[in-house]
2 protein chains.
Amino acid sequence: MKKVEPRTLSGFMELLPNDQLKFNKIADTIRQTFEKFGFLPLDTPVIEASEVLLAKAGGETEKQIYQIKRGDSDLTLRFDLTVPLAKYVAKNYGFLNFPFRRYQIGKVYRGERAQKGRFREFYQCDIDIIGDGELNLINDAEIPCIINSIFNNIGLSDYVIKLNNRKLITGYFEHLTIENNNVKIMRIIDKISKIGMGDVINELKKINIDSNSINELLSFVNNNGSNEEKINKIKALEIENPLFKKGVKELEFVYNYIKLFGLNDDIIDIDFKISRGLDYYTGTVYETFLKNNPEIGSICSGGRYDNLAEFYTDKPLPGVGISIGLTRLFDKLLEYDLIKEEKPKISDFLIIPMTDNYEYIINIYNKLIIKNFNTQIFYEKRSLKSIINYAVKLNIPYIIFIGDDEINNQKITIKNLSTYEQKTIDIEEIERYRKDINE
Amino acid sequence: MKKVEPRTLSGFMELLPNDQLKFNKIADTIRQTFEKFGFLPLDTPVIEASEVLLAKAGGETEKQIYQIKRGDSDLTLRFDLTVPLAKYVAKNYGFLNFPFRRYQIGKVYRGERAQKGRFREFYQCDIDIIGDGELNLINDAEIPCIINSIFNNIGLSDYVIKLNNRKLITGYFEHLTIENNNVKIMRIIDKISKIGMGDVINELKKINIDSNSINELLSFVNNNGSNEEKINKIKALEIENPLFKKGVKELEFVYNYIKLFGLNDDIIDIDFKISRGLDYYTGTVYETFLKNNPEIGSICSGGRYDNLAEFYTDKPLPGVGISIGLTRLFDKLLEYDLIKEEKPKISDFLIIPMTDNYEYIINIYNKLIIKNFNTQIFYEKRSLKSIINYAVKLNIPYIIFIGDDEINNQKITIKNLSTYEQKTIDIEEIERYRKDINE
């Protein structure tokens, strides 16, 4: 029979089991932390009507979407979890309890040019808090604390959550009367760490920003010092623009509440350079970097928006949210060897039958299962070496031998695969191994 | 602004949060049970190259697939989890440990005609055990025990796992010399409970089965009595067909081992009518029905196959597996009100600030979070009635009031929303509520 090559598309992550276990452990931590903070799970379809999904999107998105045409229907794979959320909230408005705290962990699809570290199918882990008409600014302070809790639980360290406010930036642009180029300027500023100051100046000149404004702007965004010093310095500028003043007030409020929530000050970095590319955000913005690996880029970004679902409903639905790009993050954690869990295991015990008399063996197995030990029996005829190799590769900590001697004496022989210690014991003595297994 | 109607495609399940919590609880139970029995997680892409995914598929599948054409590439959304598993095992053969026990819980896509209870996007929860060259028949007996454990843990009762063997059926057809219509006959027999005996006889006549054979066949498949009686009856037929004899031997072996694994005999029903439509299976076959709602059809089916990945590799990879159609099952459980968990909750406590002095409030919140209580603060200005309504709708068991009195006395006031009992306590006394919350 002619064979088809069993290949996986490039840009699609497909892990070997041990890495998949590590991935799932991180995804579980994220999920449990989201739930701890009161976020409700959501699971929207991967496929939506193109008309619904692309209600807002511009040309850039359309180039990247995966589109399906079937008969009359024009369908699209979701490219993020925010548009489906907007649709969901508009559709189910009357059935939801506001503020609506929801999380969603799911795959999204973007047909970007395939290159190393870029994925076309990837997991986003999103939380959003949606208000009905209004939403207290303290929510903006809670978001970084949740992210901090997740990264702590994953065992990541050396991350920093950057904080800024879009009103503050836009107000400052108004003050310099360069607000017409608002989004363009933000995108250029955003690249300082990538392309360097010289190129940033050139790019700003290209869009006709005058030298004076460029100087003021760059000195503004390169504000150094502690977070409090930074806030104090921009307050001391005494800029009278109302949007700017509102932005400063919001930023200071959010920062103070972040401290109240107990976040270590060195995890937060107020940075006037960050703004998120999207025109979507209207207040607080977040980006998260690994201090030792800033080249990875932001691993977790988000912010405050005034109106989640304006393309679907007249209801004002302000919100604040953040998204972890899990597939890319995991890929980088693997590459940089930053995952703590080294030996993920699926089973506690592997029973190796040394006889064909299975009645006693399965009896022991049933007892272990009832006692809630994850247990397998190795039924195949193989060399003992090869069976032990199976256990070692799966990180199973203990093997249990059962042969005729064990059956005659109603015992089991248990061997620790780390210490090679071996003991013949009564099945009821198995409890003493539980602590060791769970460590 | 012109609004787009926020609709969800028909045939795509999208749940409200309380139902989603129930769904997730069942999915978690399935996942945990799979892991308990030593199955490794897999997460293959939703999109594969059409050439890879359709290597085996016939015309029926092609009509139902979701196909994506992007530039030169011809892509397809997976329509099951078995073909991706075959690809995966063939591709990663050298990196896997055999027998390879894997589970996958994921969405699959079939563009079937939309009708009530039929989904175009649905979750399958699959386990398979793949052998390298051979696979012990005891594995076939383990599968129903895992399914039993899942349904037990979900809180389902009154289910029955039907058991048959394809060698036995095919051998019996050979014995009647009607084996040329093998698959057609199996499909007709499979419909007895749906269309009744009369129509089955007519359909068999239509494909030119003679009356004698029809009579023998129907008496064979309608074999009544206990499982042991059924096996004894077909053994007593003394049919000398080798395939039949092998099938009987396998069925008896699997049945005996199922009992050894401790399964209650009334959960297993040997039924010579079931065969699974697919030509894929070569030995044991399973189907699972709810005794009180057989009209739902099989909620969990599978079987033994000789060669998982013959379209991708020359390696013989026999296996046995089973699949739960979770979306459809969940839909029916909701419809028939068969889900035990009535009040799924996301948070243990809702803190209601009765003052604008947030320092103490957030201090209490931080302590509850550190103590691992799932906690929210309600920041918005709303009437107390409306806030309590929020807590009730989210099934939050306790609300905590903090006002100036509580701050002055360094206390909290906690109210049980079931009993309306209210107490002012010290935060350290909160531990006594843990047991109640976890019940």
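# Asking what the terms mean

Biologist: What makes helix H6 (residues 166–175) of chain A count as largely enclosed by the rest of the structure?

Modeller: The count does: 8 of its 10 residues are buried, so H6(A) is largely enclosed by the rest of the structure. A residue is called buried when 20 or more other C-beta atoms lie within 10 Å of its own, exposed when there are 12 or fewer, and partly exposed in between, with C-beta atoms placed from the backbone. Helices are DSSP runs of H or I with at least four residues, strands are runs of E with at least two, and both are numbered from the N terminus.

Biologist: And where do these numbers and letters come from?

Modeller: This is a predicted model, where local features need pLDDT of at least 70 and side-chain atom pairs count only at pLDDT 80 or more, while totals for chains, interfaces and linings use all residues. Residues are numbered from 1 along each chain as its sequence is written, and chains are lettered from A and ligands numbered from 1 in the order in which they are written.

Biologist: Which residues of H6(A) are buried, and what do they pack against?

Modeller: They are A:Arg166, A:Lys167, A:Leu168, A:Ile169, A:Thr170, A:Gly171, A:Tyr172 and A:Phe173. Their partners in chain A include helix H7 (182–189), helix H11 (242–260) and strand S9 (284–290). H6(A) is followed by A:Thr177, with a positive phi near 50°.

Biologist: How does chain A look as a whole?

Modeller: Chain A has 16 helices and 16 strands, and its C-alpha trace spans about 90 × 60 × 45 Å along the principal axes. Of its 439 residues, 42% are buried. Two residues are in contact if their C-beta atoms, placed from the backbone, lie within 7 Å. Among contacts in chain A with a separation of 6 or more, 69% join residues 24 or more positions apart.

Biologist: Why is H7(B) called oblique to H8(B)?

Modeller: Helix H7 (residues 182–189) and helix H8 (residues 192–206) of chain B pack at about 135°, with their axes 8 Å apart. Under 35 degrees is roughly parallel, over 145 roughly antiparallel, 65 to 115 roughly perpendicular, and the rest oblique. That makes H7(B) oblique to H8(B). B:Ile185, B:Ile188 and B:Ile189 of H7(B) meet B:Ile192, B:Val200, B:Glu203 and B:Leu204 of H8(B). By class, this contact has 6 nonpolar, no polar and 1 charged residues. Axes are lines fitted to C-alpha atoms, for helices over the stretch in contact, and angles run from 0 to 180 degrees between N-to-C directions.

Biologist: What makes B:Asp337 and B:Gln410 worth a look?

Modeller: Phi of B:Asp337 is near 55°, a positive value in a residue other than glycine, and B:Gln410 also has a positive phi of about 55°. Most residues other than glycine have a negative phi, and most peptide bonds are trans. B:Asp337 lies in the loop between helix H12 (326–335) and strand S12 (349–353) of chain B.

Biologist: Is B:Asp337 buried or exposed?

Modeller: B:Asp337 is exposed, because it has 7 other C-beta atoms within 10 Å. B:Gln410 is exposed as well, with 11.

Notes. Nonpolar A, V, L, I, M, F, W, Y, C, P; charged D, E, K, R; others polar.
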